Every structure is written in structure tokens, then in C-alpha cells.
Amino acid sequence: SREEVDRARRLVAAHEANVQSYQEETNRTVGGSLHVLLQEIELAQAAFHTCKAEVLQQLAEAAETAVSGEAVSAELAGLRQDMESKVAEREMRIAELESQVQECRSSLSSTEQAL
């Protein structure tokens, strides 16, 4: 009958309104949740980039320190080599002088004997 059809139409319309209302509420909830999640992701990305920048800065400082340390080590090695070379030169000069002293003593001894 006509009344049953109208009643069925009203039920369908009410059901459709409920479904639409539920969909809108779900979209608002999901949209809000998505917005919060996107904000959390942005914060996490910012924290990651900050941490990454700090790590890169620390690595740069460590590399600079290592290069500086290597330069100091190389300079110290060069100074040590210079000092060892100078010590060797002086030891040779001392040996030469000792030899000359020995020659002078021999010459003096020969001169004393001749006198």
C-alpha cells in the first residue's frame, strides 16, 4: 500500500541521514586524528633533523680534532726527527773533536819526547 511505501521511504531517508551523519562524524574524527598525527610526524621530523644536524656537527668537530691531532703528531714527529738529526750531528762533531784532541796529545807527546 501507499502508506507502507511512504513509511519505507521515510525509513530509508532516516537511515541515509544516520549513515551520512555517521560518515561526517567519522570524517571529523579521522580528520582530527590525521591532523594530530601529521603534527606529530612534523615534530618527529624536526627532532630528527635537529638530532642529525647535531650529529653532523659533532662529526665535523671530531674530524677537525682528528686532523688537528694528526697535524700535531706529524709536527712532533718532524721535531723529533730534527732533534735526532742534530744529536747525531753533534755526536759526530764530538767524535771529530775527540780525535783532534787525541792527535794533539800524540803530537804533544812526540814533541815532549823530542825535547
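Figure 1. The model is predicted: local features need pLDDT of at least 70, side-chain atom pairs count only at pLDDT 80 or more, and totals for chains, interfaces and linings use all residues. Residues are numbered from 1 along each chain as its sequence is written, and side-chain values use heavy atoms, with hydrogens and water left out. Along the principal axes, the C-alpha atoms fill a box of roughly 165 × 15 × 10 Å. The secondary structure comes to 1 helix and 0 strands. Helices (H or I, at least four residues) and strands (E, at least two) are DSSP runs, numbered from the N terminus. Helix α1 covers residues 2-114.

**Figure 2. The surface of the chain is about 10500 Å² in accessible area.** Carbon and sulfur atoms hold 58% of this surface. Accessible areas come from the Shrake-Rupley method with a 1.4 Å probe; for residues, only the protein chains shown count as cover. What share of the 115 residues is buried? Buried residues make up 0%. Buried means under 20% relative accessible area, exposed means over 50%, and partly exposed lies in between (1.4 Å probe, protein chains only).

**Figure 3. The charges of the chain number 11 positive and 21 negative.** Their mean positions lie 12 Å apart. Lys and Arg count as positive, Asp and Glu as negative; His and the chain ends are not counted. Each charge is placed at NZ of Lys, CZ of Arg, CG of Asp or CD of Glu.

**Figure 4. R80 and E84 form a salt bridge.** The whole structure holds 2 salt bridges. A salt bridge is a side-chain nitrogen of Lys or Arg within 4 Å of a carboxyl oxygen of Asp or Glu. Here the N to O distance is 3.0 Å. Both residues lie in helix α1, 4 residues apart, about one turn of the helix. Is R80 buried or exposed? R80 counts as exposed, at 57% relative accessibility. E84 is partly exposed, with a relative accessible area of 45%.

**Figure 5. R93 pairs with E96 in a salt bridge.** The closest N and O atoms are 3.3 Å apart. This pair also sits in helix α1. R93 and E96 are 3 residues apart, about one turn of the helix. R93 is partly exposed at 43% relative accessible area. E96 is partly exposed at 42%.

**Figure 6. V30, L34 and L37 make a nonpolar surface patch.** The patch is about 260 Å². Patches are made of residues with over 30% relative accessible area and no salt bridge: like charges are joined within 9 Å, nonpolar side chains (Val, Leu, Ile, Met, Phe, Trp, Tyr) within 5 Å. V30 lies in helix α1. It counts as partly exposed, at 41% relative accessibility.

Figure 7. How many residues separate E84 and Q20 along the chain? They are 64 residues apart, and their C-alpha atoms are separated by 93 Å. A44 and V101 are 57 residues apart in sequence, and 83 Å apart in space, C-alpha to C-alpha. A44 is in helix α1 and is partly exposed, with 46% relative accessibility. Q23 and A77 are 54 residues apart in sequence. In space, C-alpha to C-alpha, Q23 and A77 are 78 Å apart. Q23 lies in helix α1, and this residue is partly exposed at 45% relative accessible area.
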